[in-house]
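Welcome to this short tour. Open your viewer, and we will go from one selection to the next.

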Amino acid sequence: MKEWLKISCLLCVFGCIREIRPSEPYVTEYLLGPWRNITEQQLTHDVYPVGTYSYLVQLVFVFLITDFLRYKPLIITIGAAGVIIWSMLIWTTSVLSLQILEFFYGTYMAAEVAYYTYIYAKVDKKYYARVTSHTRAAMFAGKLVSGITSQLMLNLELMNYKELNYITLGTQIIAMLWAFGLPRVDRSLYFHREQLSITEPQTQLPGEGNLEEMDQQQESTPKHPGALSLLWLHFRNAYTNPRVVQWSLWYAIGLAGYLQVTYYVQVLWKVIEPEPVIAWNGAVDAILTALAALSALAAGYLHTGRLRPRTSLLILGLLSVVEGGCVMICCWTQDIYWSYTGFVLFGALYGFTITVASAEVARNLEEESFGLVFGVNTFVALIFQSLLTMIFVTDTGFELDPAGQYTAYAFYFIGVGVLYLLSVLIEYLMCRNTDVERLENSLD
């Protein structure tokens, strides 16, 4: 087996095992069940927002530390944080312990950047596209197994909501131990770059060499920018490109809305169906994962040389409006199955749109700045998500009930879609006017 493929397979095993978390589709059912003394309002307003803010604060530090420590320690940290989280879920009961747990959940999510960027430091650039697809596919596979497992365990009455946490804890322990076996990284993109060998000029006796030639040789010695200088250079080159800014903004806005919708959807379902005979959350997660994977593949196929940037923007604007409609279906119905359907359709559409947005951002970037730009975009998304949380969820804002929150998120996506459709129209009219002026000038 080729070395790059071996490393990719080792990392993908970690990614797949980490995603096998059968308790996650039912975490709200578990927390609001008989095992804990907590209300839906406490969970929504006092516990879940801590994870959002923790993720935001830790992401910047984790990104820099990941590169400085050369990835592997942070991948181990993902597994360790998972062990802490699910141990606390099983063996603690207070609201404070849940808030501490949410802090570690922020670490768990923020450190995920190490999983995605580790492979770029270990393989040649020509394999980037392949290994990226491998790491994504591994996560989709883990989520699919997780959703199917949780639904089967509950439907066959082999486990209850609490007991599913033991499976999740087991997979996190295995993932942590597996991470120790990953090959160490000798270089990184910024703090541990490969240095080219510099040939020192030979010492010459007076009169034996030309001082001017020696000065020229010293001046031609390659200079390597420091880590922070290189970070700033990549950042400036990326975000002075209008196309990168345009698509990065869509990426951040779309990701923020998706995170918010998925983060609180179990609370919404609990309101619609307080005492379900069978909660189909696991099956919904499995179907959504499969459709999102197919949507991402379709987006990658259609995007490869087939869609112009303006056409991509038009499609994303239209689909964003449809996503808003799907979120409306989730919250404006009293039938839990319609809510499930709306959520699955929303997830499938998001899988398509985020893939197109990512491809458009990558199209305009230098290869080595991929990790930086997507890290910055994720950070901006978390700022938007934190604002959504403060405005619609917590008592610092409107403190809406779950149906009200999801109505707001629906109009959020519809508003984003309308704005981008208007931007496409304005861009088209400007280009048309420019073409007319050029035609008139040529005729003159």
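How many salt bridges does a search of the whole structure find? The search finds six, a salt bridge being a side-chain nitrogen of Lys or Arg within 4 Å of a carboxyl oxygen of Asp or Glu. Before you select anything, note that this is a predicted model, where local features need pLDDT of at least 70 and side-chain atom pairs count only at pLDDT 80 or more, while totals for chains, interfaces and linings use all residues. Residues are numbered from 1 along each chain as its sequence is written, and side-chain values use heavy atoms, leaving out hydrogens and water.

**First stop: helix α1**

Select residues 3-19, the 17 residues of helix α1. Helices here are DSSP runs (H or I, at least four residues), numbered from the N terminus.

**Second stop: Arg 18**

Now show the side chain of Arg 18, which is buried at 3% relative accessibility. Arg 18 forms a salt bridge with Glu 112, with the closest N and O atoms 3.0 Å apart. This pair links distant parts of the chain, for Glu 112 lies in helix α6 (residues 112-122), 94 residues apart from Arg 18. Arg 18 also forms a salt bridge with Glu 19, here with 2.7 Å between the closest N and O atoms.

Terms used
Helices (H or I, at least four residues) and strands (E, at least two) are DSSP runs, numbered from the N terminus. The expected span of a helix is 1.5 Å times one less than its number of residues. Buried means under 20% relative accessible area, exposed over 50%, partly exposed in between (1.4 Å probe, protein chains only).
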